[in-house]
Amino acid sequence: MSVTMGTMTPHRDGRRGPPRHARTEPVLVRWIIVAIALTFLVVFLVLPLATVFHQAFARGIGPYLGALAHPDAVAAIKLTLLVAAISVGLNLIFGVIASWTIAKFEFPGKTLLITLIDLPFSISPVISGLVFVLLFGAQGFFGAFLQAHDIAIIFALPGIVLATVLVTFPFVARELIPLMQEQGTQEEEAALSLGASGLQTFWRVTVPNVKWALLYGVLLCNARAMGEFGAVSVVSGHVRGETNTMPLHIEILYNEYQFMAAFAVASLLVLLALVTLIAKAVLERYAHSE
């Protein structure tokens with residue numbers, strides 16, 4: 001009887017024995033590891049989320065809806081959605097262009113460009129906000145010019161958008177770059193050789209190949225944009241009803257001891273996070289099914 005090589009585990013004396021299972025830990029050790037993981041998730045994830053909703057509905061549904069319907073809360077929600085929409089749109093354009101450039105072309109400074117794309121992951125969002133204050137603030141590099149032409153960037157919508165774009169622009173690009181590099185340029189070159197234009201090649205070849213990674217990057221970018229606090233806090237000025245996003249509005253309510261209202265608005269951010277997780281799972285399922 002012949003034995004296929006690789007199906008038996010060699011002993012120290014050269015003989016081969018039965019294969020060993022990958023999970024050789026005792027049952028008790030496995031249960032301990034699982035219990036530690038579940039305990040960690042419950043303590044650091046489930047309990048905080050449950051606390052948010054418990055505090056939000058502590059006084060009933062009426063006060064909860066009233067807190068969300070407050071003019072300052074409505075303004076914060078609208079501003080958050082507006083900033084997220086603008087930031088995601090800009091990052092979508094930048095991410096696709098940067099990914100296409102890095103994956104399809106060779107040029108001097110390519111490594112530097114990749115490093116700069118990753119830079120927001122390694123610096124504090126507060127520093128990102130301070131950069132724009134130093135550039136566009138009243139005492140900043142462009143401050144005198146902006147004041148002379150009555151252009152408001154800091155403590156206004158443009159500053160909030162700039163800060164949000166800076167801290168979120170790696171998400172789309174970092175999802176697309178590895179995939180585009182792995183796919184190479186063969187399909188695009190074949191399409192061009194058959195007479196397709198560059199734009200046709202992009203929409204009919206490149207985009208279908210990266211659509212799931214693109215959607216995944218947009219999803220992560222949107223979630224990060226709506227929850228951004230540090231950079232926006234520096235450039236917003238905390239003007240009620242004008243430059244307060246949802247995270248900033250929550251901070252103000254909490255500092256004023258309006259705990260129920262703060263948790264009510266926070267519950268919206270939690271719901272948005274849960275929706276993001278569900279959408280992420282759906283995208284991964286469809287991506288793996290293809």
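Are E188 and K104 buried or exposed? In the predicted model examined here, both E188 and K104 are buried. The two residues form a salt bridge, in which the closest N and O atoms are 3.3 Å apart. E188 belongs to helix α9 (residues 186–193) and K104 to helix α3, so the pair ties together parts of the chain that are 84 residues apart in sequence.

A search of the whole structure identifies 6 salt bridges. Among these interactions is the pair formed by D118 and R174, with the closest N and O atoms 3.2 Å apart. This pair likewise links distant parts of the chain, since D118 is located in helix α4 and R174 in helix α8 (residues 170–183), 56 residues apart. D118 has a relative accessible area of 25% and is therefore partly exposed. R174 also counts as partly exposed, because its relative accessibility is 29%.

On the α3 side, the contact is made by F94, A98 and I102, and on the α4 side by K110, L113, I114 and I117. Classified by residue type, this contact comprises 6 nonpolar residues, no polar residues and 1 charged residue.

T164, V167 and T168 of α7 meet C221, R224 and A225 of α10. The residues of the contact divide into 3 nonpolar, 2 polar and 1 charged.

R224, one of the α10 residues in the contact with α7, also takes part in a salt bridge with E228, with an N to O distance of 2.3 Å. R224 is partly exposed, because its relative accessibility is 27%. E228, by contrast, counts as buried, because its relative accessibility is 2%. Elsewhere in the model, D72, R240 and E256 are linked in a network of salt bridges.

Note on methods:
Residues are numbered from 1 along each chain as its sequence is written. This is a predicted model: local features need pLDDT of at least 70, side-chain atom pairs count only at pLDDT 80 or more; totals for chains, interfaces and linings use all residues. Side-chain values use heavy atoms; hydrogens and water are left out. Contact means heavy atoms within 4.5 Å. Helices (H or I, at least four residues) and strands (E, at least two) are DSSP runs, numbered from the N terminus. Ala, Val, Leu, Ile, Met, Phe, Trp, Tyr, Cys and Pro count as nonpolar, Asp, Glu, Lys and Arg as charged, and the others, Gly among them, as polar. A salt bridge is a side-chain nitrogen of Lys or Arg within 4 Å of a carboxyl oxygen of Asp or Glu. Buried means under 20% relative accessible area, exposed over 50%, partly exposed in between (1.4 Å probe, protein chains only).
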